[in-house]
Amino acid sequence: MTDTLKLADFFLCFFLISLWFGDFFAKQNVGKTSTYISELLKKDAKGLKLALANAPNLSAEARALTEKKVRVINRWYFLANKTGTMLAILALQQALVIYAKQNWGLVAIEISILVICGLILAADLRVNIVRNQLEKVLKPYEDRLWFEYRLRS
């Protein structure tokens, strides 16, 4: 049982590292297509919602896709915003590894902590990928959206 848990812990660590690398590179791509659209998509995309309130001349499929992707950002943003909490949880895990007695219960706690951190990283990765997709879709409309946003804010 202990060997299985330690093996699962080992694979989860590598999975989290790969999620972190994916999230890092997705964050690097945010803002490369359009700096104005990326400004509207910061945090939970309130700027984009404000710009879309007056219904600028977007095509029907672009509007439907934008509304769908904004809902995805709103759904995952709460969890993706918990990076500080994730770092505190990982510090707690490291303290447990250093000071606690090593047994199967500790390994099970470590695995649950790593799963929670994996969920946070996966949510952050998802939000960044959706932001990149929205930047590409809304690039032709960036001037109008930026104008509407600046007019209303």
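Student: In which helix is the place of Glu148?

Tutor: This is a predicted model. In it, residues 142-152 form a helix, and Glu148 has its place there. That element is helix 7.

Student: Does Glu148 count as buried or exposed?

Tutor: The cut-off for buried is under 20% relative accessible area. Glu148 has 1% relative accessibility, so the residue counts as buried.

Student: Which residues is Glu148 in contact with, leaving aside its neighbours within four places in sequence?

Tutor: Neighbours within four places in sequence are left aside here. The contacts of Glu148 are then Ala51 and Asn54.

Student: Which residues of helix 7 are buried, and what arc do they cover around the axis?

Tutor: The buried residues of helix 7 are Glu142, Leu145, Glu148 and Tyr149. They lie on the same side of helix 7, because the arc they cover around the axis is only 135°. In general, an α-helix has 3.6 residues a turn, so residues three or four places apart point the same way. The arc asked for is 135°.

Student: Which exposed residues are carried by the face of helix 7 turned away from its buried side?

Tutor: What covers the buried residues of helix 7 includes helix 2, helix 3 and helix 6. The face turned away from the buried side carries exposed residues, namely Asp143, Arg150 and Leu151.

Student: Where is the place of Asn132, and which residues does Asn132 touch, not counting residues up to four places away in sequence?

Tutor: Asn132 has its place in helix 6, residues 104-138. With a relative accessible area of 12%, Asn132 is buried. Not counting residues up to four places away in sequence, Asn132 touches Ala26, Asn29 and Val30.

Student: By what distance are the C-alpha atoms of Asn132 and Ser34 separated?

Tutor: Along the chain, Asn132 and Ser34 are 98 residues apart. Their C-alpha atoms are separated by 9.5 Å.

Student: Is Ser38 buried or exposed, and which residues does Ser38 touch, not counting those up to four places away in sequence?

Tutor: Ser38 has its place in helix 2. At 11% relative accessibility, Ser38 counts as buried. Residues up to four places away in sequence are not counted, and Ser38 then touches Val30, Gly31 and Glu135.

Student: How far apart in space are Lys46 and Asn74, C-alpha to C-alpha?

Tutor: Lys46 is found in helix 3 and counts as exposed, at 58% relative accessibility. Lys46 and Asn74 are 28 residues apart in sequence. In space, C-alpha to C-alpha, the distance is 9.5 Å.

Student: Which residues does Lys49 touch, and by what distance are the C-alpha atoms of Lys49 and Lys6 separated?

Tutor: Lys49 lies in helix 3 and is partly exposed, with a relative accessible area of 35%. Not counting residues up to four places away in sequence, Lys49 touches Asp44, Val70 and Asn74. Lys6 is 43 residues from Lys49 along the chain, and their C-alpha atoms are separated by 46 Å.

Student: How many helices and strands does the chain have, and what is its radius of gyration?

Tutor: The chain has seven helices and zero strands. For 153 residues the globule rule gives 15 Å; the chain is well over that, so it is more spread out than a compact globule. Its C-alpha atoms fill a box of roughly 60 × 25 × 20 Å along the principal axes. The radius of gyration is 20 Å.

Student: Among contacts between residues at least 6 apart in sequence, what percentage join residues at least 24 apart?

Tutor: Of the 153 residues of the chain, 38% count as buried. Among contacts between residues at least 6 apart in sequence, the share joining residues at least 24 apart is 84%.

Conventions:
Residues are numbered from 1 along each chain as its sequence is written. This is a predicted model: local features need pLDDT of at least 70, side-chain atom pairs count only at pLDDT 80 or more; totals for chains, interfaces and linings use all residues. Side-chain values use heavy atoms; hydrogens and water are left out. Helices (H or I, at least four residues) and strands (E, at least two) are DSSP runs, numbered from the N terminus. Buried means under 20% relative accessible area, exposed over 50%, partly exposed in between (1.4 Å probe, protein chains only). Contact means heavy atoms within 4.5 Å. The radius of gyration is taken over C-alpha atoms; the globule rule is 2.2 Å times the number of residues to the power 0.38. The arc is that of the directions from the helix axis to the C-beta atoms.
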